[in-house]
Amino acid sequence: MKNFKKGFKMLAFLLFINFLLFLNKALNSEEKILKITPETQQCIGCHSIYTPGIVKDWKESLHARTFPSVAIKKSPLERRISVERFPDFINPEYVIGCFECHSLNSQLHKDNFDHMGFKINIIVSPKDCGVCHSKEFKEYSESKKAYALKILLENPVYNKLVETITNISTLLPSNSTLHETCLGCHGTRVQVKGFKKIKTPIGEIEIPDLTNWPNHGVGRENPDNTLGSCSSCHPRHSFSIEIARKPYTCAQCHLDPDVPAWNVYKESKHGNIYFSKEKEWKFDSVPWVLGEDFKAPTCAVCHNSLIVSPDGEVIAERTHNFGERLWVRIFGLIYSHPQPKKGDTSLIKNKEGLPLPITFNKELAKEYLIEESEQQKRLDQMKNLCNNCHSKDYINGHFSKFENTIKETDEMVFQATQVLVNAWNKKIANKENPFDEYIEQLWIKQWLFYANSIRYASAMTGAPDYATFKLGWWELKHNLENMKKIIKLHSKNKN
Amino acid sequence: MKNFKKGFKMLAFLLFINFLLFLNKALNSEEKILKITPETQQCIGCHSIYTPGIVKDWKESLHARTFPSVAIKKSPLERRISVERFPDFINPEYVIGCFECHSLNSQLHKDNFDHMGFKINIIVSPKDCGVCHSKEFKEYSESKKAYALKILLENPVYNKLVETITNISTLLPSNSTLHETCLGCHGTRVQVKGFKKIKTPIGEIEIPDLTNWPNHGVGRENPDNTLGSCSSCHPRHSFSIEIARKPYTCAQCHLDPDVPAWNVYKESKHGNIYFSKEKEWKFDSVPWVLGEDFKAPTCAVCHNSLIVSPDGEVIAERTHNFGERLWVRIFGLIYSHPQPKKGDTSLIKNKEGLPLPITFNKELAKEYLIEESEQQKRLDQMKNLCNNCHSKDYINGHFSKFENTIKETDEMVFQATQVLVNAWNKKIANKENPFDEYIEQLWIKQWLFYANSIRYASAMTGAPDYATFKLGWWELKHNLENMKKIIKLHSKNKN
Amino acid sequence: MKNFKKGFKMLAFLLFINFLLFLNKALNSEEKILKITPETQQCIGCHSIYTPGIVKDWKESLHARTFPSVAIKKSPLERRISVERFPDFINPEYVIGCFECHSLNSQLHKDNFDHMGFKINIIVSPKDCGVCHSKEFKEYSESKKAYALKILLENPVYNKLVETITNISTLLPSNSTLHETCLGCHGTRVQVKGFKKIKTPIGEIEIPDLTNWPNHGVGRENPDNTLGSCSSCHPRHSFSIEIARKPYTCAQCHLDPDVPAWNVYKESKHGNIYFSKEKEWKFDSVPWVLGEDFKAPTCAVCHNSLIVSPDGEVIAERTHNFGERLWVRIFGLIYSHPQPKKGDTSLIKNKEGLPLPITFNKELAKEYLIEESEQQKRLDQMKNLCNNCHSKDYINGHFSKFENTIKETDEMVFQATQVLVNAWNKKIANKENPFDEYIEQLWIKQWLFYANSIRYASAMTGAPDYATFKLGWWELKHNLENMKKIIKLHSKNKN
């Protein structure tokens, strides 16, 4: 009977555990016991009434469900924060809440203001996130992404292109339109131009008056003089690694006609598998286990996530310098070229004195670009990633096609450039603004739309229809022919 | 021992409940005890053999799983039907089945016919759905959607555009082609032109002979003289609120190049979050709880669903008049303008006598359009919705950009219109049909494709690449330049 | 007390079962007891280290989880293999692993090589898959898909089109570029041109040197002289029926601008329902039960899967000859026409002696095309499929619109062809290469882009905006007008 009772107790215990498990699942995250700082509790007191959506987002985020003291003890591969110890003002026994982020480095934040008795920054900058995610902050700050605004508007060539496209008649484009076009992705300059009063449900309050706000572009200039916006990819206030890893995030900016990474991915085999199976994959695991958490690459797999094999071996290190794994730059410029050494590409000068990594004649500004050995190293690393599902020969075959495509598309742009130079020489077009006349627009399309697209289709080993008809060879050929026809027509009309 | 037995019974009971829960989940809906009217039982008797797909759809629909007597007792916010009491012919103790819907208002239905001994309507019209969903029927009937067919084909300006595009050579377009193009969305005129015999597995039967059928366009004219088709959004026979709420439904008609709401949403941050997380959201809750059922807006959130806060406070009332929350109309016409007061916009006359809300010179037909105060009220309501996740200042920043974009795109269209008028005056083009010549086609693109697209991108605070290169400023600028070039070339040729 | 103990045992047993079920779910597939051949065990020994991704894919595939001896005993409708008995070299008590597939028919495989002591084929060809899936192999081998490479490059007309589009300047296109454009879908010629040494983590190894590899196009020519690649749709090494059935697979090649099946589906009601509900559907059931496993058609439902009704009645037989259910061919050629009798369409000769199923004057090469009675039979079968959710009259209405659209789009192409012939006759263009001049490019667009697109939109009863503005009547009309204008301008210039 004793044994019997013991057995019964065991059984009851098992059932009870089961019941608890069920309960745990049934209750939503709100019911969990969160240890929240008194400051954040006050934020939530009001904001769960006034902006309940973001409070809900936060409550389900990892920030609200993890104690820093636990997070910092994880094994190196599992860690999501990169500092070795917290600064004094972080109490690791409290979850990270509103106040913890919106009060950081307040002395640097020109957007700091008195809000209900607290000194609050409107914008949480990469430097603020870097308090715990120091490595990510550093990497990002050195990337081309961080300089995305600067290298667009402070490069006179690009600036001319931007202004030529987005103005109404002969005026300069408005800040507002720049903000909704190029700077939507590249980021705006957010400065404090003073203070202003606004009406709220709890009366008039005074807040910093920000320029070009709101914006979450990757190269945003923040009121604390840092560059970037972590919420470009980890949207506020879920801070989601899942969303950041899914290709929809990259797709906000990297899409056709000028950067059709997303469009090409969608039409590729890898994209096909992603769409078919992604609901069974895990997008929030750290490290991210190839073959287990996911079965086909997404943008983040190849370009920046920490990837390990099912055996736990590191296949690729995490990086928030998004160009770091790349050897060649295939978009945004006239010809492809080795990746720049530094994120701030506005420092580059080519032999013609222009702030571009390559001349019209395809001469590289070598000193600013990574060496061949570095290129090879990065290519080998990428091949290593592919090698987890594909054989060496399969991979070599793929990349040799890619190499050929780069060569051929560069050649097709070179031919177009020669036609353009011819047009300038013959005074068919005026070189002063190289972007505003019809033949110049065709030339822009040749490199910015068609050559780019074909290279993307090649890089991702998919999207053959894209490379053929959509924005591919069909257009690349005909566009060049049209450019030539303009010269021919002009010559004929003259005679 | 007694206590022991009691404990054991408790345990057994718990296990049994568990088993029942499992059973309930395992069995599919068919096994549920449905109280079905004898008439509907007869329908199902045959149709589960002849059209099993729709019977399955219905069986899993709420109509088949809810007793009207229960549905009507729900709390105001939870109610899915809007009548206060049922008419006599509805027995609220039976679920709503085939016969209940297909036999309504038969005296009004010219498509009523004798089918296996029952008087059946082929088409269930909005008025029929309105027997239980009276408020939705009324709202819809007053919306622009209900008049979508009328305001296209009975407006001579639009009719001319339609005819110019869809005919082969100089003939009028065929009904069939109209039906598959413009009227696919706008709806067809479904009339009974007589009766006809068709062959079926159970022999020849006689049925009403309908014109322009099948069609589920939003402004369909039905054989009972009502307007619209509830199945445009709630597809037959699932009547799904989930499908209607998901953006794929709106996307059937609101997409590029003329109404790129969907394309822009896809590229926006909100769209990104939707795609990443929608599988965890609940799309069939009534009311729809912000922050709990969904975490980012979809079309339905902003434009028509009943939205409440996590505390149960109403954020937005449900409406089936889909323009009701809008203050400005940004597509489909030459210039943006205040929303029309009434759904039937064919009644509008501008100062030039044309059935348009605005003249070529941007003069508004004010008496037909909502007042500024009404505009402000609606804008404030929309801002209130945004305010659940975004701060006042953030929202004001967004909408001030939108305002500027409306102004600038209208200006860019105005410039194009001036070029066109110039072309007409100089006899470069013939005004008689304003849609059929090359320069006129460019002008159409300016407002119908490019200006529209930029406004959508702005409205949804996303899609900067769309607003730049895709169908945005890049095209808006170059298209205007091309129009000007035509005038210039003509002048040159003359001299 | 005895009964009590019995009850208790029963309870304990139930709990234990429950526990096992939980365990089974919790453990991943690796833990399952797989009976694997010694050869495959050796493959896995290395490859789970060197290419863990594909090993993981395989482990979760049906091949790794099913014993052939069990698979062959399934009821006819449930069977996934089609042989009646296995050849001797298949031991049906072992799962199908690496070696089982990569060692088949080695005498035919020029890509066979000695790999770690085993004779391995690099490429698993359709014939190899046919060892178990014999019916599918046979059907596929007779389909147009199998001949996709041949009928493109060995048809001089098509070959000319391919070469005209994809070369840089006047040279022939490179194999590499062909491979990434047209042949990405159509398939490449994979031949063994010798052997080569490559470096691997385990030292240098010698492998066959393949031409045009890697490639998974549908008409790939394999080193064993078979045609096709099963992994075009069932990607390696998951062999997934789920992925093959989901429209993303078809979408890799059937998309805009030339074959916009996917684009049109996305905008259709059926596509809308798919996107909204697919996560609740079952894509791996055999047979595939309409109304239960899925609620709206996907590509595979209409074109090739085995579909049964909820009562288990066969609605459509499985076929891997993907044109077999089609009566009319609506894309890829100048005019629509009856489906060809055979997959190898390069055998067709029209009255003008060209390898095309129809002449410029719309005369059919009848002897190569299916008869009207066969067309009717196939159309009736398709209607039968639709009939599971739609009424006879509804379906007839749909297909009569489709018929009209085919007629009208053919007429619009015919008008364009007449303009082109006129241009050739007047020496405005040179007939020799019918694809390389501006007016010829417009003519190609007329049939390859616009007429095609409108027909697809019509066929799938959706996408009215596509058929109107996107690649539809708007373009079809204006393109024809542009062609006429060229003739007119030329005549004017002459005078």
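# Briefing on a predicted three-chain model

Only 2% of the interface residues of chain A are also interface residues in chain B, so the copies meet through different surfaces. Two residues count as in contact if their C-beta atoms, placed from the backbone, lie within 7 Å. The model is predicted: local features need pLDDT of at least 70 and side-chain atom pairs count only at pLDDT 80 or more, whereas totals for chains, interfaces and linings use all residues. Residues are numbered from 1 along each chain as its sequence is written, while chains are lettered from A and ligands numbered from 1 in the order in which they are written.

**Relation between the copies**

- The superposition is by least squares on the C-alpha atoms of residues with pLDDT of at least 70 in both copies.
- Chain B can likewise be laid on chain C by a turn of 120° and a shift of 0.0 Å along the axis, with an RMSD of 0.0 Å.
- Of the contact residues of chain B, 2% recur in chain C, and the copies use different surfaces.

**Contact between chain A and chain B**

- In this contact, 40 residues of chain A meet 44 residues of chain B.
- On the side of chain A that touches chain B, at least two residues each come from α1 (2-26), α3 (52-59), α10 (156-166), α11 (175-180), α12 (182-186), β3 (192-200), α13 (241-245) and α14 (247-250) of chain A.
- Helices (H or I, at least four residues) and strands (E, at least two) are DSSP runs, numbered from the N terminus.
- α3(A) supplies the largest share of that side, five residues.
- By class, the side of chain A that touches chain B has 19 nonpolar, 14 polar and seven charged residues.
- In these classes, Ala, Val, Leu, Ile, Met, Phe, Trp, Tyr, Cys and Pro count as nonpolar, Asp, Glu, Lys and Arg as charged, and the others, Gly among them, as polar.

**Contact between chain B and chain C**

- Chain B gives 40 residues to this contact and chain C gives 44 residues.
- Elements that give two or more residues to the side of chain B include α1 (2-26), α10 (156-166), β3 (192-200) and α14 (247-251) of chain B.
- The most residues on that side, five, come from α3(B).
- The side of chain B that touches chain C comprises 19 nonpolar, 14 polar and seven charged residues.

- In chain A, the axes of helix α20 (residues 438-459) and helix α22 (residues 473-494) come within 9 Å and cross at roughly 160°. That makes α20(A) roughly antiparallel to α22(A).
- Axes are lines fitted to C-alpha atoms, for helices over the stretch in contact, and angles run from 0 to 180 degrees between N-to-C directions.
- Angles under 35 degrees count as roughly parallel, over 145 as roughly antiparallel, 65 to 115 as roughly perpendicular and the rest as oblique.
- The crossing of α20(A) past α22(A) is left-handed, a term for a near helix turned anticlockwise from the far one by less than a right angle, with clockwise being right-handed.
- Residues of α20(A) in the contact include A:W443, A:Y450 and A:I454, and those of α22(A) include A:W473, A:L476 and A:M483.
- This contact has 11 nonpolar, three polar and two charged residues.
- In chain B, the axes of helix α20 (residues 438-459) and helix α22 (residues 473-494) come within 9 Å and cross at roughly 160°.
- α20(B) also passes α22(B) in a left-handed crossing.

**Strands and sheets**

- In chain A, strand β1 (residues 112-115) and strand β2 (residues 118-121) pair in the antiparallel sense over four bridges; two strands pair if DSSP finds at least two bridges between them.
- A:H115 has A:F118 in β2(A) as its bridge partner.
- The two strands β1(A) and β2(A) form a hairpin with two residues between them, and A:M116 in the turn has a positive phi of about 55°.
- Three strands of chain A also form an open sheet in the order β5-β6-β7, with mixed pairing.
- Its edge strands are β5 (288-289) and β7 (314-316) of chain A, each pairing on one side only.
- β5(A) and strand β6 (residues 307-308) of chain A run parallel and are joined by two bridges, with A:V289 opposite A:V308 in β6(A).
- Chain C has an open sheet with the order β5-β6-β7 and mixed pairing.
- In chain C, strand β6 (residues 307-308) pairs with β7(C) in the antiparallel sense over two bridges, and C:I307 stands opposite C:A316 in β7(C).
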